Amino acid sequence: MTTTLRQLKSAFRIESLATTDNGVNITWKDGHKSFYHHLWLLDSCRCPQCFQRDTLSLNSGHDLLKIPLNPTAQAVKLNHQGDLDIVWGGEQTGHHSVFDASWLRVHCYQDPALKQSPKRQLWDASVSLPHFDYHEMMNDNEVLLSCLNQMLELGAAMIDNAPKNEESFRAVIERVGPLRQRYHPTNIFKLDRTDTKAQEIQHSYQVENLRNHTDVTAYDIPTGLQFLECLLYENPDNDRQAYSTIVDGFKLAQVIKAENPWFYELLTTEYIPAGRRRLSVEEKLSENDLGTQKYEWEAYRHNHVINLDENGEVYQVKYNHNTRVPLEVSNDKIHDLLAAYRRFSQLAIDPQYNAEFLVAPGQILVVDNWRILHGRTGIWNPNLKRIVLGAYVEEETFRCRRRILLGEKTGMSDLWLMGCSDRALEILAERTVDY
Ligand SMILES: [Fe+2]
């Protein structure tokens, strides 16, 4: 698969270049024009003295204390592969740099395509989730990449035809990367309605209707992807009990921003603290274990409900009404802050935004816990049987796997892939046309 892709891929090509006092002007075959500053080029040099090929990190030859801040180029040309070839002069005489043309192009900071934020489709209750086949997820990197792309675009997907056991559940998650270590002794949790011991400590067992929330709000860095597999669902009433519900937290942020900018400001700047305290709780490491292992948990964090990045874009929503602890807020803001939080809470269960469906046995629901709130409809029949497995991976783990898969599609070497931005990798992976 990878070989075929490599043959199909074509590089960005340089049409012509011209040197200036302090850099190189490049005209590309697709008409785009770039300028690369000499200092940027020298600082980014990937020659063996500057950059270690085995560890893919800066070498001792790359010493910023010795790099001249006004480097001069002695000779600049296109080499036989169509890459930029520079022999430096002055204090750097003898230093030779070669820059892969495609790599250069995705480091052109005059190209607006590089500044595009990730494609996100905000959704409401009418969303139709993308479905992926378990076995294709296990065996085909293209399918795995499509699923991870959907995690960025929609934040949710369903995997069908999963074997109904813990090993297979773990295996498909590990296609993305290692499971996140939970505070509990086990990284996979099992929600079984008949488990009376778990009911004593786990809030989600005790409520009829589990309202939409994100997980692990009492941590600084919440879990990234959440996987939930249904192993068993037997509902004697044959109605919509124990259906899963999800809502797009980024959509709710957008709605609040449009209808009440003051509420939006409060939810992005004021704090809603969250806490969890569990001491001396014991849990079996596995079904077959006779003994149990103790764990202790005493977490506290104060969070914004809506978290913005440096561009003012929402990158994370943290919301769980159940783990909320007393507010830290000035008296003049308490009324408005709680009113804003209440509005968010209303939207989180509003049928207009709340998607509701059954995760049937053999299906795995995957959601990005930084964006999607999840819950379930009520359970009132004591004879309803439901067993669900759950586990997480870190947000970083999912982004790493996606970057690796994108890199494979480009057919480029590690030397040039290492350190490319996500957007740069997307552009390189999507290229199929030779300009
Ligand atoms: Fe949850």
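**Figure 1. Contact of helices α10 and α11.** Trp262, Phe263, Leu266 and Leu267 of α10 meet Asp336, Leu337, Ala340, Arg343 and Phe344 of α11; residues count as in contact if their C-beta atoms, placed from the backbone, lie within 7 Å. This is a predicted model, in which local features need pLDDT of at least 70 and side-chain atom pairs pLDDT 80 or more, while totals for chains, interfaces and linings use all residues. Residues are numbered from 1 along each chain as its sequence is written. Helices (H or I, at least four residues) and strands (E, at least two) are DSSP runs, numbered from the N terminus. The contact between α10 and α11 comprises seven nonpolar, no polar and two charged residues. Here Ala, Val, Leu, Ile, Met, Phe, Trp, Tyr, Cys and Pro count as nonpolar, Asp, Glu, Lys and Arg as charged, and the others, Gly among them, as polar.

**Figure 2. Crossing of α10 and α11.** The axes of α10 (residues 261-269) and α11 come within 9 Å and cross at roughly 95°. Helix α10 is therefore roughly perpendicular to α11, a term for angles of 65 to 115 degrees. Axes are lines fitted to C-alpha atoms, for helices over the stretch in contact, with angles from 0 to 180 degrees between N-to-C directions.

**Figure 3. Nonpolar cores.** The largest nonpolar core has 62 residues, and Leu252, Ile256, Leu267, Phe344 and Val366 have the most contacts inside it. Helix α11 (residues 334-349) gives the most to this core, six residues. A second, separate core of 27 residues includes Leu42, Leu84, Ile86 and Ala424. A core is a set of buried Ala, Val, Leu, Ile, Met, Phe, Trp, Tyr and Cys residues joined through C-beta atoms within 7 Å; buried means that 20 or more other C-beta atoms lie within 10 Å of the residue's own, with C-beta atoms placed from the backbone.

Figure 4. Gly249, Phe250, Lys251, Leu252, Ala253, Val255 and Ile256 are buried in α9 (residues 249-259). Their cover includes β14, α10, β17, β18, α11 and β21. Leaving aside residues up to four places away in sequence, Ile256 touches Phe263, Tyr264, Leu267, Arg343, Phe344 and Leu347.

**Figure 5. Six-stranded sheet.** The open, mixed sheet has the strand order β9-β10-β20-β13-β22-β11, where pairing requires at least two DSSP bridges between two strands. Strands β10 (residues 156-160) and β20 (residues 364-368) pair antiparallel over four bridges, with Ala157 opposite Val366. Helix α6 (residues 166-174) packs on the sheet, touching β10, β13, β20 and β22.

How values were computed:
Two residues are in contact if their C-beta atoms, placed from the backbone, lie within 7 Å. A residue is buried if 20 or more other C-beta atoms lie within 10 Å of its own, exposed if 12 or fewer, and partly exposed in between; C-beta atoms are placed from the backbone. Angles under 35 degrees count as roughly parallel, over 145 as roughly antiparallel, 65 to 115 as roughly perpendicular and the rest as oblique.
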